[in-house]
Amino acid sequence: MNKKFISCEDLQGSVYFGPDALRHCCQRFFVKGKMQGDVEIFKVNSNDDLSVKKILDEKKKIIDNLNNKIPTACDGCPKLERKNWKKDIKINKMSIEIHSKCNARCSYCSEMYYGGLNPKYDFIKFYEELSDNKIFEEDVSITWGGGEPVLLKNFESLLKKISNFGSYPTHKDIRIYSNSFIYNDTLHKYLNEGKIILTTSVDAGTYETFKKVRGVKKGFKEVFKNLEKYSENPKAKVIIKYILTSGNHEKDEIDSFVKLIDEHKLSRCNFEISSDYKIEKLTLNSANNIIYFYNKLQNIKAKSVLLDDHVRKRIKDALLLDKKISEDKLLKLSSLNPDEKIIIWGTGGYAKATIKNSMILNDKRIAFFVDEKQFSKKNNDKFYNKEIKTPEDALNSDKRIFIASSTYWQVIHEKILGLGIDNQRIIKQLII
Ligand code: SF4
Ligand code: SF4
């Protein structure tokens with residue numbers, strides 16, 4: 001019997017907790033030029049409106065409709081896939097966005113995140129109910145954004161309760177998205193203990209641009225100072241993000257940003273270059289500036305630099321606007337030899353987005369993929385027509401490795417080094 005059906009990772013396993021509604025995802029996509037996504041599960045006014053059954057029923061309803069060609073809010077989403085999804089829905093990702101209070105007004109954000117709402121329900125109480133109902137996979141990822149999380153009145157106690165939740169589910173990781181305008185000592189303590197990962201988007205290299213993009217006058221200098229404090233301890237995992245949007249991606253701005261990063265000793269952090277999700281296409285100028293930005297960060301020996309999947313999906317089309325772009329030029333940029341074959345570590349959405357939007361990663365340059373979870377000799381798993389092998393196979397090879405993950409880049413990198421694989425084999429140059 002064919003068990004394949006249409007669904008997506010988020011329908012199968014995510015819940016986003018807004019202040020007055022639960023959502024399946026935070027995915028945005030364009031259908032006929034109109035932005036869609038952020039699909040709601042149901043509205044919430046109090047804990048009485050929350051029920052495990054309601055969440056499961058709503059998820060199943062969308063999946064059934066998708067598979068019976070009945071219109072849904074997910075129609076046209078690039079995350080939909082027909083494959084052997086598990087029949088049982090188990091939650092493996094929770095995004096805590098339970099309040100919408102923020103001390104910024106970023107140009108790419110909306111009322112949904114800074115509208116000023118407090119949570120209309122007790123999150124921990126419902127988390128316990130979900131746990132009692134055994135709705136989780138063993139290991140769950142927690143992301144916590146907002147609003148600005150540290151502005152929540154009970155941020156400290158909530159963080160403590162979440163990180164000490166118990167043995168089921170365990171937490172794969174807890175990621176806090178803070179703008180770092182305000183220093184928070186609880187957050188700092190948890191960073192020093194290696195219990196959380198902090199992501200802060202900076203988006204400006206000058207005060208003038210900061211005011212324009214972040215929509216406020218205070219915080220520019222503080223962000224750099226706070227990030228310097230937060231990242232002091234080698235155990236601290238800090239990701240500095242830069243969302244390219246209108247007015248913040250010219251070379252002068254990038255130069256000023258990188259200079260500040262260097263001055264505040266922040267090259268010890270990981271970097272993620274992103275783009276405003278509201279912008280459907282990148283221009284050739286912004287694509288070239290992304291390459292410039294990537295190389296500038298490499299030059300100051302940033303721990304890691306990544307293009308996130310918003311950029312991955314858009315950069316190839318933008319670069320193709322340049323009639324002089326060539327495979328040779330991109331090969332030089334990536335440091336790959338024309339006949340070199342590499343190992344790609346990861347077979348998830350990021351790997352797909354990278355390969356689909358690459359001008360150099362093709363059959364002749366991929367040796368094999370590595371994925372611990374999907375690997376099964378019995379099934380003879382393949383991905384893009386290449387074998388999926390084990391981490392040990394990578395250890396026994398001498399080929400260079402491209403880590404195809406944005407969320408788990410650091411985790412995979414540590415794992416690779418822990419296996420005894422030489423750091424020199426990790427490709428840090430830009431592959432497009
Ligand atoms: S299909 Fe797309 S829009 Fe629908 S839940 Fe999945 S990620 Fe969200
Ligand atoms: S800091 Fe985050 S929540 Fe606040 S306005 Fe900016 S993007 Fe929105």
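Two strands count as paired here if DSSP finds at least two bridges between them, with strands being DSSP runs of E (at least two residues) and helices runs of H or I (at least four), both numbered from the N terminus. This is a predicted model, where local features need pLDDT of at least 70, side-chain atom pairs count only at pLDDT 80 or more, and totals for chains, interfaces and linings use all residues. Residues are numbered from 1 along each chain as its sequence is written, while chains are lettered from A and ligands numbered from 1 in the order in which they are written.

Five strands form an open sheet with mixed pairing, in the order 17-18-16-15-19. Strand 17 (382-383) and strand 19 (401-403) sit at the edges with a single partner strand each, so one side of each has no neighbour in the sheet. Further in, strand 16 (residues 366-370) runs parallel to strand 18 (residues 386-389), paired over two bridges. Phe-369 has Ile-388 of strand 18 as its bridge partner.

Now for a pair of helices. Helix 9 (residues 251-263) and helix 10 (residues 284-299) have axes, lines fitted to C-alpha atoms over the stretch in contact, that come within 10 Å and cross at roughly 20 degrees. The two helices are therefore roughly parallel, a label for angles under 35 degrees. Helix 9 contributes Lys-251, Ile-254 and Val-258 to the contact (C-beta atoms, placed from the backbone, within 7 Å), and helix 10 contributes Asn-289, Tyr-292, Phe-293, Lys-296 and Leu-297.

Finally, the ligand. Residues surrounding ligand 1 (C-beta, placed from the backbone, within 6 Å) include Cys-8, Cys-25, Cys-74 and Cys-77, along with His-24 and Asp-10.

How values were computed
Axes are lines fitted to C-alpha atoms, for helices over the stretch in contact, and angles run from 0 to 180 degrees between N-to-C directions. Angles under 35 degrees count as roughly parallel, over 145 as roughly antiparallel, 65 to 115 as roughly perpendicular and the rest as oblique. Two residues are in contact if their C-beta atoms, placed from the backbone, lie within 7 Å.
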